[in-house]
Amino acid sequence: MANDVWTSVDDYLAPRLVKQDGALEAARAASVAAGLPEIAVTPVQGKLLQVLAKTVAAKHVLEIGTLGGYSTIWLARSVAEGGRVVTLEADPHHAQVAQQNLENAGVADRVDLRVGKAIESLPVLEQEGAGPFDFVFIDADKPSIPDYFRWALKLTRPGSLIVVDNVVRKGKLADSESRDDAVLGCRRLVELLENESRVCATVLQTVGEKGHDGMALAVVL
Ligand code: SAM
């Protein structure tokens, strides 16, 4: 019942506030047609990423977890003039679909899509001196979230914003008995945030067409 209400509110908001265009809709459709899992951010969440990226006037964005490039398109459209998005994806098929979607959306010139495990791509970015990133969106394998967060801290600057998706996991975040690796990754993130003096952070619970979840938001001090 609750999910129906949350979905109806998303359905009410999306056409008014999101103004999805053909490229975003086509990216989602092409991803489904190519057999990618339907786990991209929702349109309203894509708009939230844009609002957040614009709040910090992001020029250099790092995304961990590209899938079909839906959130990447939102981020690429959010960066300031001359800005770039580096996005990391482990699955070559996902990356191939994403690259095509980015080209179709006219943002491929602003996006550096790297194929490989993020934990291997991140040190390469550091060696290249790719940071500091103004905005980091972590949305890949959940057990690795604490590692990605530590990397995000290395690759950002005071004032940067780090957003981590899907950390509430239908409330399982609060289950201290959980043995689920994804939940354990999210709980370790919360411990990190609790003890990390270099960020000011919170977790915001969310509901919507994808159910009950939430995002961690951390501004680097
Ligand atoms: N951000 C995308 C969006 O909203 O459109 C959704 C990303 S999806 C939730 C997670 C993606 O992370 C998948 O495409 C998956 O293949 C990728 N992934 C999983 N493990 C990874 C890893 N170790 N390194 C990089 N990407 C990984």
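User: Which strand does β6 pair with, and in what sense?
Analyst: In this predicted model, β6 pairs with β7 (residues 213-220) in the antiparallel sense, over eight bridges.

User: And what is the bridge partner of threonine 202 in β7?
Analyst: Leucine 217 is the bridge partner of threonine 202.

User: What's the strand order of the whole sheet?
Analyst: The order is β3-β2-β1-β4-β5-β7-β6, an open sheet of seven strands with mixed pairing.

User: Which strands stand at the edges?
Analyst: β3 (111-115) and β6 (199-206) do. Each has a single partner strand, so one side of each has no neighbour in the sheet.

User: How much are neighbouring strands turned against each other?
Analyst: By 15° on average, with direction ignored.

User: Which strands does α3 touch?
Analyst: Helix α3 (residues 43-55) packs on the sheet against β1 (60-64), β4 (133-138) and β5 (156-164). The direction of α3 makes about 155° with that of β4.

User: What about α7, which strands does that one lie across?
Analyst: α7 (residues 145-154) lies across β1, β4, β5 and β7, and runs at about 155° to β5.

User: At what angle do α7 and α8 pack?
Analyst: About 40°, with the axes of α7 and α8 (residues 181-195) 8 Å apart. On the α7 side the contact is made by Ile145, Pro146 and Phe149; α8 brings Gly185, Cys186, Arg188, Leu189 and Leu192. By type, the residues of this contact are six nonpolar, one polar and one charged.

User: Switching to the core. Which residues touch the most other members?
Analyst: In the largest nonpolar core, which has 61 residues, they are Val61, Ile73, Leu75, Ile138, Tyr148, Ile162 and Val164. Leaving aside neighbours within four places in sequence, tyrosine 148 is in contact with Ile64, Ala118, Ile138 and Ala140.

User: OK, the ligand. Which residues come nearest?
Analyst: Ala40, Gly65, Leu67, Ser71 and Ala90, out of 18 residues around the ligand. α4 (70-76) and β2 (84-89) are the elements that give two or more residues to this shell. The shell divides into nine nonpolar, four polar and five charged residues.

User: Where is the cis peptide bond?
Analyst: It runs from glycine 131 to proline 132, with omega near -5°. Proline 132 sits in the loop between α6 (118-128) and β4.

User: What is the phi of alanine 57, and of lysine 170?
Analyst: Alanine 57 has a positive phi of about 45°, and lysine 170 has one of about 55°. Most residues other than glycine have a negative phi.

User: Are those two buried or exposed?
Analyst: Alanine 57, in the loop between α3 and β1, is partly exposed, with 13 other C-beta atoms within 10 Å. Lysine 170, in the loop between β5 and α8, is exposed, with 12.

Key. Residues are numbered from 1 along each chain as its sequence is written. This is a predicted model: local features need pLDDT of at least 70, side-chain atom pairs count only at pLDDT 80 or more; totals for chains, interfaces and linings use all residues. A residue is near a molecule or strand if its C-beta atom, placed from the backbone, lies within 6 Å of it. Helices (H or I, at least four residues) and strands (E, at least two) are DSSP runs, numbered from the N terminus. Ala, Val, Leu, Ile, Met, Phe, Trp, Tyr, Cys and Pro count as nonpolar, Asp, Glu, Lys and Arg as charged, and the others, Gly among them, as polar. Two strands pair if DSSP finds at least two bridges between them. Axes are lines fitted to C-alpha atoms, for helices over the stretch in contact, and angles run from 0 to 180 degrees between N-to-C directions. Two residues are in contact if their C-beta atoms, placed from the backbone, lie within 7 Å. A nonpolar core is a set of buried Ala, Val, Leu, Ile, Met, Phe, Trp, Tyr and Cys residues joined through C-beta atoms within 7 Å. A residue is buried if 20 or more other C-beta atoms lie within 10 Å of its own, exposed if 12 or fewer, and partly exposed in between; C-beta atoms are placed from the backbone.
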